[in-house]
Protein chains: 2
Amino acid sequence: MSIASELKLIAPATIPEVRPEDCLATLITEACLRENIPWNSQSVVVIAQKIVSKAEGAIVDLRTLQPSVRAESYAREHDKDARLVELVLRQSRRIVRMERGLIISETRHGFVCANAGVDRSNVPGEHFATVLPEDPDASARAVQKGLLERTGLDIAVVITDTFGRAWRVGLVNVAIGVAGFQPVENLQGQTDREGRPLNATSPAIADEIAAAAGLLMAKNAGRPVVIVEGLSLRVSEATATQLVRSPEDDLFR
Amino acid sequence: MSIASELKLIAPATIPEVRPEDCLATLITEACLRENIPWNSQSVVVIAQKIVSKAEGAIVDLRTLQPSVRAESYAREHDKDARLVELVLRQSRRIVRMERGLIISETRHGFVCANAGVDRSNVPGEHFATVLPEDPDASARAVQKGLLERTGLDIAVVITDTFGRAWRVGLVNVAIGVAGFQPVENLQGQTDREGRPLNATSPAIADEIAAAAGLLMAKNAGRPVVIVEGLSLRVSEATATQLVRSPEDDLFR
C-alpha cells in the first residue's frame, strides 16, 4: 500500500430505512449524489452489516422458532429470551464460550463473536432479529458490481459488524466481507527504515478501515454507510476469510 | 458522542527521527505548523508507541541482558534471539501462551499482546529494542500538557501500538494510552432508533481512533503521528486501563 498522508471519511445522512430487496448500490449512489459526496476509483464504500442483512432479507421472525431444551435452559438461567438464544445457537457452528449469560461462538463463516451476529437493535418490529448475511463477501461483490454499473467506477467495498474482543473492553467495527482489495496487507519481504525485514507485520487493513468507519456509524445515528477517500489499496480478489485465523493457527479455540 | 458526518485524518510528513529526551509536543507542533496542518480544541493527536518509547528512553541494549535458562531454551527451540526472549519475559507479568515460537503475554499495564510490546523495527542500531512506555496514560497526559502550553488548546491524545487479535489474522493499531476523553463510550441508558435499550453497545472509541490512524502509520512510512479532525469526544480524565478487561470478566485467560 502506498501511504496516503490524508484520509477523509464521509457518512451520508440520507440513506433511507432499508427493506428486503432494496438495492444498496442504488440507495448509496443516490444518497451520495443528493449530498454531493464525491467519489473516485480509489474510494472505499463501507457498509454496516445491519442494512446488508435487511436488504437480503436476513431477518428472522422469532415467533417461528421452537427453542431447544438447551436454549430454554440457558435462557431461564440467565434471564434471556429463549427464542433469541435458540437463534444464536442455530447461527453457530461451534460454541467457544457459553457462560455468564454470554454466548461467544463461531459462525458458519468462521467469525468468532458474541451472539453469532444475531442482533435486534434497529430492527423494526419487536419479534424480529437480523442474522449475518449468508456470504458477506458475495454481498460486498454484489454492491461493488452495482456501483460499477451505476458509476463506471470499480470501487472497493467493506461490509462491517461490531465485535467484542478477547482481553479488551468495548466493541470495534470489523470487516466481515470485502470486495476489490487485499484485506490483510502482507509486508513480508519489505524492510523497515533500518533495512530489517518486517516479517511479522501484516496490518489488517480491512479491519482498520472498518474501525475508522465505525467512528461515524454509532448505532443510534442512522449512518450505516461511510465513504473513505485517500487510501491506496492493493487491488485483489481476496475475501474476508483471509481475516479469519485458521483452526491450526488459533491458540484461543 | 455527537455524530460527526465527516472525519479527516492527516499524517504530518516531517516528524524527525525521535531521540531520548526529545519533546514530542514540540516536534508535533512544529511539524503541523510547517505543513499548515490546522487543529482546534476538537482535534485528536494520535502517536505511535515507538516514538513515545524513543523520547522516553524506553530502549534496551540487548547486550546488557543475561538470558535465563528458560529464555535460552525457548530461543534455541524456535530459532530466536535469546536476549530478545529474555526481554519479552521481563516485560511480562503473566504468560498467556508460549508455544510455536510465539509469546503472548500480559504486560504490567494489563495489555495482552505478542512479545509484550518489545519491538526492534525502526530502532537504530542492531542491538537495541524498544519496550512499551512505563505508563502510556501518563505519556499521553504529558503530551496533552505540552500541546496546551504551545497552542492554548486542550487536545485529546491517543498513544497506539499494533496488536494481534485472537481469532483474526493481521495486526490492528489499538490505544495503549489516552488523555482527555472517554476511551470506551457507554451507551447504556440510550436507545436505538426503535426505542430499545442499547445495553450491550459500548464502542471502544479509542481503539477505533487508533485503528483509523493505523491506516496512515504503516511502519515503513515514517508517519508516527496522525491528527484526527471531526470527532466530538466526551471529555474525561479516564485512562486506557478502561480498555483492559478485568481478570474476572476475562473468559480467555
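Predicted model: local features only at pLDDT ≥ 70, side-chain atom pairs only at ≥ 80, totals over all residues.
Chain A has 6 helices and 10 strands. Its radius of gyration is 19 Å, close to the 18 Å that the globule rule gives for 253 residues, so chain A is as compact as a globular protein of that length.

**Chain A overall**
- Of the 253 residues in chain A, 50% are buried.
- Take the contacts in chain A with a separation of 6 or more, and 63% of them link residues 24 or more positions apart.

**Where A meets B**
- Chain A puts 60 residues into the contact, and chain B puts in 60 residues.
- On the side of chain A that touches chain B, β1 (6-10), β9 (172-179) and α6 (205-214) each supply at least two residues.
- The most comes from α6(A), with 6 residues.
- By type, that side of chain A splits into 32 nonpolar, 12 polar and 16 charged residues.

**Helix α4 of chain B**
- Helix α4 (residues 82-90) of chain B is largely enclosed by the rest of the structure, because 7 of its 9 residues are buried.
- The buried ones are B:Ala82, B:Arg83, B:Leu84, B:Val85, B:Glu86, B:Leu87 and B:Val88.
- They pack against several elements of chain B, namely β3 (59-61), α3 (69-78), β4 (92-99), β5 (102-107) and β7 (128-130).

Key. Residues numbered from 1 in each chain as written. Chains lettered and ligands numbered in written order. Buried ≥ 20, exposed ≤ 12 C-beta atoms within 10 Å, placed from the backbone. Helix = DSSP H or I, 4+ residues; strand = E, 2+ residues; numbered from the N terminus. Contact = placed C-beta atoms within 7 Å. Nonpolar A, V, L, I, M, F, W, Y, C, P; charged D, E, K, R; others polar. Rg over C-alpha atoms; globule rule 2.2 N^0.38 Å.
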